[in-house]
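Here is a short briefing on a structure. Please read it with the model open.

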Amino acid sequence: MTALKAAGLVVMFAVALALPALAPDPATTNIAVFTMMYVGLATAWNIMGGYTGYISLGHAGFFGFGSYALGLLLAHFAIAGGYSAFLFVPLAGLLTAVLAAGIGWFALRTRAATFVIVTIAFMFMVQLLAENLVGITGGGRGLSFPVPPWSGGDFNIPYYYAMLALATLGLAISWRIRFSKFGLGLLAIRDDEDKALAVGVPTRAFKLTAFIVSATLVGMIGAVYGYYVTYIYPQFVVDPLIGISMVLMVFLGGLGTLSGPILGAVILEPAQLWLAYHFGASRLYLVLYASVFLLVILLLPRGIIPSVSELITRWRAGAGDSKGAAGGAADPLPKAISP
Amino acid sequence: MSLLQIDGLSKRFGGVVAVDGCSISVSAGSITGLIGPNGSGKTTIFNVVTGFIPKDAGHVTFKSGSIDGFGPDRVYELGIGRTFQLARIFPRLTALENMLVPVRRKGLRALFSRADWSHEKSRAMEMLDFMEISQVAGTLGGALSYGQRKLLELGAVLMAEPELVLLDEPAGGVNPALLERIADRIRRLNARGITFLLVEHNMSFVMNLCSEVVVVNHGRTIAAGKPDAVRQDPAVLDAYLGA
Amino acid sequence: MTRILEAAVLGILTGGVYALMASGLTLIFGVMRIINVGHGALVILGAYLSFAVWHNLGLDPFLTLVITMPVMFGLGVVLQTIFIRPLKTDREALSVLVTYAIALGIEGLLGYFFTSNYVRLRTWYDTASFPVGSFYITYVYVFGFVLCLAILGGLFWMLYRTRFGGAIRATMLNRTAAQLIGVDVDRVSAIAFGIGMATAAAGGVVFGMTNAFNPGSHYDLISRLLTIIVLGGLGSLRGAVIAALVMLVTEDVTSAVTSPVWASFAFFVVLVLVLLVRPQGLYGVRVRDRL
């Protein structure tokens with residue numbers, strides 16, 4: 001990584017860390033919590049969808065499951081609201097990992113379009129279970145979380161840092177995977193799975209691992225979300241819209257890149273919240289939302305980072321830099337490892 | 001000594017019998033050619049041996065151990081590599097990265113180790129050199145010419161040092177100059193101890209390169225032996241020129 | 001016992017409409033290789049269009065199809081051309097996002113014009129039924145079933161007996177090869193999408209007559225339709241029809257034997273069981289690139 005990139009990363013992280021101090025009003029910190037949430041979700045989803053090419057549209061199921069897991073754990077251990085509740089988030093993540101192992105084992109026997117639909121089916125199954133296992137989840141009445149002792153203007157801040165921590169964790173894991181032998185195998189699977197098999201990549205194990213890692217992160221983020229909103233209902237926490245939003249953000253930013261998901265989340269989530277705030281009451285909110293979707297997809301099908309990267313490559317080639325021209329037909333996704 | 005032994009292999013697809021009780025023996029250290037008219041089942045045999053499709057009947061033995069029912073990644077792990085009829089490489093990875101995918105690493109920690117890269121990269125560059133395509137090491141696979149892809153594919157398969165390499169039409173779609181290069185590489189690798197089994201339609205390529213030839217027709221072996229003997233076998237001539 | 005029989009019969013009758021809806025969805029997948037997650041919303045749109053015609057012109061709901069089917073067909077061609085044809089890379093993934101956006105847009109528009117109150121297509125013969133053995137079957141279900149059979153029959157006839165149908169099937173089997181023999185795959189795709197929408201319109205009418213619906217009903221519907229086409233094998237019409245019948249009969253019988261709550265769950269259980277044995281579905285083909 002170049003010195004410039006490293007510096008940029010440090011600055012970005014410093015700003016993120018200091019954000020609540022820079023903009024302490026609750027409205028802004030609320031946006032910050034949700035934006036950081038989606039930064040984490042998009043980064044986590046990218047580990048599966050971006051690296052292996054297996055598009056899961058059912059991640060909302062893990063999000064909701066993680067939420068319920070934490071809520072039920074806190075109720076079971078009679079944890080009062082407070083910082084200690086956050087300590088149970090990894091446990092919720094562990095439970096989500098177990099679920100993901102089961103679903104993944106099954107779903108990854110299928111490929112491409114079938115896989116997509118199977119993940120959708122599992123999401124609806126999770127939603128159904130949440131609605132119908134009334135004795136456990138409270139069904140349509142919802143599930144409550146313990147209320148923390150901090151309140152007022154600073155309520156959002158601990159949640160923001162929790163989301164930041166998870167997003168940072170996700171990014172660190174994603175980065176580590178990306179430049180490892182494991183990551184190379186995943187990218188090979190994405191390009192040509194049968195060929196990957198033919199050269200000895202243990203595709204089933206690799207895919208399943210990526211799936212579990214991705215789902216676990218999402219589950220933990222969902223857990224923090226549940227704690228943040230203090231009361232969850234099946235259709236709002238196992239919400240297809242959440243699952244699709246994280247996918248759209250990754251596509252917008254650049255599938256398979258490290259900064260793409262972050263960029264996508266930082267652009268789309270504040271926009272979504274803005275739309276909801278100003279038009280939420282109106283029926284047309286969904287129409288506007290959908291229009292934003294369509295615009296994004298039709299105008300930038302490859303995502304921002306790859307498109308910008310290609311522009312830079314072309315500009316360099318035009319300026320006579322021999323390193324720039326990688327060949328006209330080359331797809332300018334960032335290289336897996338530096339040659 | 002037979003490195004790869006195929007006994008009574010059968011495979012049908014619906015009503016079509018692709019392989020019909022086929023038996024082939026590949027001697028260690030040989031360059032064996034597998035020839036036969038179109039539709040005689042050659043690629044199907046490859047696909048069954050390398051674990052891509054299940055067989056209906058028969059046995060496949062490699063180094064005296066059965067490899068029946070093994071998946072492609074396990075077959076590769078045991079030491080059998082293969083190339084595809086239409087050269088397959090990973091288009092969104094660079095040539096160098098393509099070379100690194102097949103390299104085996106043992107253990108979970110190794111998968112994430114960064115120390116192993118430099119050693120593997122120098123080996124990969126050596127192989128790219130051997131294939132005379134080291135100048136495109138940093139180019140994405142998708143941007144390579146077809147000839148470069150063929151060489152890359154072969155080079156990458158060799159990275160895990162397989163004992164047996166199955167080549168599916170190595171001469172397909174290749175100009176004469178490149179063809180000679182490929183034949184030369186195969187000879188040199190064979191001299192280093194790698195056994196080759198290749199499917200080909202280019203007769204002169206086969207006859208000049210192979211030490212043994214097996215002829216299949218309608219899914220079964222009709223002749224096997226030295227190239228000259230097979231070339232004059234009436235059954236072989238009949239298969240090609242007849243029906 | 002009769003409860004089970006009654007449930008099975010009901011399952012077959014409602015299976016018909018799901019078969020019709022699922023056929024459109026699997027046809028779209030087969031021709032364009034896209035997952036139209038907006039199909040449920042399109043069905044609901046068809047239901048609402050019929051509702052509007054029925055409400056304002058007093059036509060019998062079945063007759064509204066004379067208007068809604070052509071309209072939906074045209075709309076389908078337009079939607080495909082504007083939103084789906086431009087997708088070149090990552091088609092499967094992006095098409096999901098696009099069609100989901102279309103579904104959201106439709107949900108929003110319908111909510112705007114019709115509010116979120118539940119509605120239903122009613123007729124004067126709504127409650128009329130006839131006895132079969134020891135239970136009664138409502139005429140509406142039978143008419144709906146017959147309609148679906150008729151349209152499905154028409155669809156199969158078109159696919160297997162007409163030239164255009166041949167072009168569609170060629171595109172489904174191998175898009176590139178079809179192009180090489182002169183099939184205008186873009187046109188075929190647009191029309192196939194239109195056909196899908198038209199079947200959605202028909203499905204919408206029958207669905208709307210037998211269920212209360214509102215703009216948000218498409219989620220439940222699409223989850224079932226997707227499950228059905230995966231069970232049947234993506235791209236297989238025969239599979240979609242059989243899967244629809246199997247699923248609905250299973251669901252209704254489960255509902256009669258246990259409770260309606262677990263009936264929806266039974267849907268997914270069947271899917272899981274079948275996919276365990278055949279990951280490609282009943283009539284699907286294993287995805288393997290040229291080897």
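A residue counts as buried if 20 or more other C-beta atoms lie within 10 Å of its own, as exposed if 12 or fewer do, and as partly exposed in between, with C-beta atoms placed from the backbone. By that rule, buried residues make up 52% of the 339 residues in chain A. This is a predicted model: local features need pLDDT of at least 70, side-chain atom pairs count only at pLDDT 80 or more, and totals for chains, interfaces and linings use all residues. Residues are numbered from 1 along each chain as its sequence is written, while chains are lettered from A and ligands numbered from 1 in the order in which they are written.

**Chain A overall**

- Chain A has 15 helices and two strands. Helices (H or I, at least four residues) and strands (E, at least two) are DSSP runs, numbered from the N terminus.
- The radius of gyration of chain A is 20 Å, close to the 20 Å from the globule rule for 339 residues, so chain A is as compact as a globular protein of that length. The radius is taken over C-alpha atoms, and the rule is 2.2 Å times the number of residues to the power 0.38.
- Along the principal axes, the C-alpha atoms of chain A fill a box of roughly 65 × 45 × 40 Å.
- Of the contacts in chain A with a separation of 6 or more, 78% are between residues 24 or more positions apart. Two residues are in contact if their C-beta atoms, placed from the backbone, lie within 7 Å.

**Chain B overall**

- Chain B has ten helices and ten strands.
- Its radius of gyration is 18 Å, close to the 18 Å that the globule rule gives for 243 residues, so chain B is as compact as a globular protein of that length.
- The C-alpha trace of chain B spans about 55 × 40 × 35 Å along its principal axes.
- In chain B, 44% of the 243 residues count as buried.
- Residues 24 or more positions apart make up 70% of the chain B contacts with a separation of 6 or more.

**Antiparallel sheet of chain B**

- Four strands form an open sheet in the order β2-β1-β4-β5 (chain B), with antiparallel pairing. Two strands pair if DSSP finds at least two bridges between them.
- β2 (16-27) and β5 (65-66) of chain B are the edge strands, each pairing on one side only.
- Five bridges link strand β1 (residues 2-13) of chain B to strand β4 (residues 57-62) of chain B in the antiparallel sense. B:I6 has B:V60 in β4(B) as its bridge partner.
- Helix α1 (residues 42-49) of chain B packs on the sheet and touches β1, β2 and β4 of chain B. The direction of this helix makes about 110° with that of β1(B). Axes are lines fitted to C-alpha atoms, for helices over the stretch in contact, and angles run from 0 to 180 degrees between N-to-C directions.

**Strand β7 of chain B**

- Five of the five residues of strand β7 (residues 164-168) of chain B are buried, so the strand is largely enclosed by the rest of the structure.
- In a regular strand the side chains alternate between the two faces of the sheet. Both faces of β7(B) are covered, with B:L164, B:L166 and B:D168 buried on one side and B:V165 and B:L167 buried on the other.
- Strand β6 (residues 80-82) of chain B runs parallel to β7(B), joined by three bridges. B:G81 stands opposite B:V165.
- β7(B) also pairs in the parallel sense with strand β8 (residues 195-199) of chain B, over five bridges. Here B:L164 stands opposite B:T195.
- From β7(B) the chain crosses through helix α7 (residues 176-191) of chain B to β8(B), in a right-handed β-α-β crossover. Right-handed means that, with the strands pointing away from the viewer, the path from the first strand over the helix to the second runs clockwise.

**Hairpin of chain C**

- Strands β1 (residues 129-132) and β2 (residues 135-138) of chain C run antiparallel, joined by four bridges. C:S129 has C:T138 as its bridge partner.
- The two strands form a hairpin with two residues between them, and C:G133 in the turn has a positive phi of about 65°.

**Interfaces**

- Chain A meets chain B through 29 residues of chain A and 32 residues of chain B. On the chain A side, α8(A) gives the most, with seven residues.
- Between chains C and A, the contact takes 39 residues from chain C and 38 residues from chain A. α4(C) provides the largest share of the chain C side, 15 residues.
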